[in-house]
Amino acid sequence: MATERVEEAIETIRLSGGRITVDRRAVIEALDDSDDHLTAEQLADAVWAQHPDINLATIYRTLELFERLDIAFHVHIGHGPSRWHLADDVHHHLVCEVCNKVIEIPDTTFDPLRVRLVADTGFVIDPHHFSLSGRCAECAAAMPATPDIPSTPATPNAGEAAEI
């Protein structure tokens with residue numbers, strides 16, 4: 001049975017004038033089933049487990065369509081390939097340069113920066129496609145402080161950041 005997220009994505013495709021194909025439904029369901037941010041290749045593996053006949057190029061085109069329709073986002077986490085997740089879960093990513101831990105932070109984290117940049121420059125940021133790199137709390141505590149990077153960062157408020 002399709003989840004509410006899948007049904008909402010399908011409705012978005014319909015409202016855009018698009019067709020609901022087996023391929024598109026399979027990609028939506030694979031994104032919805034994942035608890036992680038998947039590369040296109042990982043997503044293809046998940047799709048192929050149920051639909052081995054779907055072409056990789058079709059999966060890429062479907063992801064591009066989903067991004068145009070704001071159904072899914074891609075994000076650059078670290079130096080690896082782009083990763084994908086459904087757009088209804090808006091958040092951002094912190095990547096530890098030492099241990100590669102990825103920490104999710106709420107979308108509202110960038111609100112003060114958004115306001116400041118618009119006021120100062122008129123520039124409107126879209127932080128969904130990148131991650132911030134640095135050191136997680138554990139790695140920062142284990143490394144000596146440098147003049148520009150404190151050894152122990154301020155701890156975020158409880159419940160505001162989620163590790164993935």
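1. Packing of H3 on H4. In this predicted model, helix H3 (residues 40-50) packs against helix H4 (residues 56-68) with an angle of about 115 degrees between them and their axes 10 Å apart. H3 is therefore roughly perpendicular to H4, since angles of 65 to 115 degrees fall in that class. The crossing of H3 past H4 is right-handed.

2. Residues between H3 and H4. From H3, the contact uses Ala40, Glu41, Leu43, Ala44, Val47 and Trp48, which meet Leu56, Ile59, Tyr60 and Leu63 of H4. Sorted by class, the contact of H3 with H4 holds 9 nonpolar residues, no polar ones and 1 charged.

3. Packing of H2 on H4. H4 also packs with H2, at an angle of about 75 degrees and with the axes 10 Å apart. This angle makes H2 roughly perpendicular to H4. On the H2 side the residues are Asp23, Arg24, Val27, Ile28 and Leu31; on the H4 side they are Thr58, Ile59, Thr62, Leu63, Leu65 and Phe66. The class count for the contact of H2 with H4 is 7 nonpolar, 2 polar and 2 charged. Ile59 and Leu63 of H4, listed here, are also among the H4 residues that meet H3.

4. Packing of H1 on H2. Helix H1 (residues 4-15) and helix H2 (residues 22-33) pack at about 145 degrees, with their axes 10 Å apart. H1 passes H2 in a right-handed crossing. H1 supplies Arg5, Val6, Glu7, Ala9, Ile10 and Ile13 to the contact, and H2 supplies Arg24, Arg25, Ile28, Glu29 and Asp32. By class, the contact of H1 with H2 has 5 nonpolar residues, no polar residues and 6 charged ones.

5. Second largest pocket. The volume of the second largest pocket is about 210 Å³. Its lining consists of His76, Ile77, Gly78, His79, Val95, Cys96, Glu97, Asn100, Val102, Ser131 and Ser133. Strand E3 (91-96) and strand E5 (131-134) are the elements that give two or more residues to this lining. Divided by class, the lining of the second largest pocket has 4 nonpolar, 6 polar and 1 charged residues.

Notes: Residues are numbered from 1 along each chain as its sequence is written. This is a predicted model: local features need pLDDT of at least 70, side-chain atom pairs count only at pLDDT 80 or more; totals for chains, interfaces and linings use all residues. Side-chain values use heavy atoms; hydrogens and water are left out. Axes are lines fitted to C-alpha atoms, for helices over the stretch in contact, and angles run from 0 to 180 degrees between N-to-C directions. Helices (H or I, at least four residues) and strands (E, at least two) are DSSP runs, numbered from the N terminus. Angles under 35 degrees count as roughly parallel, over 145 as roughly antiparallel, 65 to 115 as roughly perpendicular and the rest as oblique. A crossing is left-handed if the near helix is turned anticlockwise from the far one by less than a right angle, and right-handed if clockwise. Contact means heavy atoms within 4.5 Å. Ala, Val, Leu, Ile, Met, Phe, Trp, Tyr, Cys and Pro count as nonpolar, Asp, Glu, Lys and Arg as charged, and the others, Gly among them, as polar. On a 1 Å grid over the protein atoms alone, a cavity is a set of points where a 1.4 Å probe fits but cannot get out, and a pocket is an open set with protein on both sides within 12 Å along at least five of seven lines; lining residues have an atom within 4 Å of a point. Grid points are joined across faces, edges and corners, and a volume is the space filled by probe spheres set on the points.
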